[in-house]
Amino acid sequence: MSRVVLVTGVADGAVARTARLIAERGAESGIEKVVGVDTTLPSHELGSVKFIRADIRTPVIGKVLAVEDVDTVVHLGVAPSSSRLKSTKELNVIGTMQVLAACQRSETLRKFVLGSSTAVYGTSPRDPAVWSESGTARGGVRSGYPKDTVEVEGYTRGFARRRPDVLVTILRMSQILSPRSSAPLAAYFRGPVLPSVLGFDPRLQFLHLADAMEVVRQAASHDRPGTFNVAGDGVMLLSQCARLLGKPTVPLPPVGLGSAFARVARLVGTETSPDLHRLLTYGRVVDTAALRDIFGYEVRHSTRQTFSSFAGALRPGLLHAGVR
């Protein structure tokens, strides 16, 4: 069983809460200590989690693993391009390489958990209606966050081949929506109007933060090897999201979509990225049967429940008005 767990990226509020959850319920699975690392001090309460200021892009992370006798690494430091970090690409890819190099040398490590994303499937008009874990991206992974996730997962699979004695779990999470989320899609929905693509009404899936945190906790606390999609049941169309928020959409022609999205986003005070343009064009839906049947976790919040909770935080009284 896990004894010492190291969690990367704890300056992020959601990651800090996840690390704290692992620590609070650690006694159930034999976890004695949780160590959180990041380059900046967390603004959120860590509870009993021991914080160490360390840059995962440097070899110092190897010293942390050795000094703390870490046997489980939970790598949650892979961030979307519009996060709080200025050099996201470097942190995502170089940081992961350094973490895996440290894990490769560790004599105490027995488990590695990667917080990945369904962005690894990309977004393309040739995509299947529903992605399973065996699917391979058909487009939309040549730049930005989707490219980062593909590279990070590739390095992780390489590590798994070199260290077959280490149990590896990859969690491909859908779009996490919470009132405090700074993710690109959350920022998009907070805008006064929603730019959309003329002729497209993409299917979207959302993941509640509580479900995301619990899946990571279970992966850290128990042996759940493999790759798993993590998303709320059901789907929502972008038009349904707009109606639930009570916000108008601004249909834009597909030609020159990227620049048009950027201009409209600047006008309404929101942010956008190429991978978000593609998601809002083609959408993305994943199958979560493996999470339920193999991993053993039943998602508690559906896609609609997650979005309704998010919308209710943006529009007080919305849930009490009968929207569920």
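**Reading the terms in a predicted model**

Modeller: Buried residues, meaning those under 20% relative accessible area with a 1.4 Å probe and protein chains only, make up 54% of the 324 residues in the chain. This is a predicted model, in which local features need pLDDT of at least 70 and side-chain atom pairs count only at pLDDT 80 or more, while totals for chains, interfaces and linings use all residues. Residues are numbered from 1 along each chain as its sequence is written, and side-chain values use heavy atoms, with hydrogens and water left out.

Biologist: What makes up the secondary structure of the chain?

Modeller: The secondary structure comes to 11 helices and 13 strands, where helices are DSSP runs of H or I with at least four residues and strands are runs of E with at least two, numbered from the N terminus.

Biologist: Why are H1 and H6 called oblique to each other?

Modeller: The axes of helix H1 (residues 13-24) and helix H6 (residues 209-221), which are lines fitted to C-alpha atoms over the stretch in contact, come within 9 Å and cross at roughly 45°. Angles run from 0 to 180 degrees between N-to-C directions, and those under 35 degrees count as roughly parallel, over 145 as roughly antiparallel, 65 to 115 as roughly perpendicular and the rest as oblique; H1 and H6 are therefore oblique.

Biologist: Which residues of H1 and H6 meet?

Modeller: With contact meaning heavy atoms within 4.5 Å, Ala14, Arg17, Thr18, Leu21 and Ile22 in H1 meet Leu209, Met213, Glu214, Val216, Arg217 and Ala220 in H6. These residues divide into seven nonpolar, one polar and three charged, with Asp, Glu, Lys and Arg counting as charged, Ala, Val, Leu, Ile, Met, Phe, Trp, Tyr, Cys and Pro as nonpolar, and the others, Gly among them, as polar.

Biologist: What makes S3 and S11 edge strands?

Modeller: Seven strands form an open sheet in the order S3-S2-S1-S4-S5-S6-S11, with parallel pairing. Strand S3 (50-53) and strand S11 (226-230) are the edge strands, since each pairs on one side only. The twist averages 20° from one strand to the next.

Biologist: How do you know that S6 and S11 pair?

Modeller: Two strands pair if DSSP finds at least two bridges between them, and five bridges join strand S6 (residues 167-173) to S11, the two running parallel. Within the sheet, Ile170 stands opposite Thr227 in S11.

Biologist: Where does helix H4 lie?

Modeller: Helix H4 (residues 144-162) lies across strand S5 (111-117) and S6, running at about 160° to S5.

Note on methods: Buried < 20%, exposed > 50% of the residue type's maximum accessible area, 1.4 Å probe, protein only.
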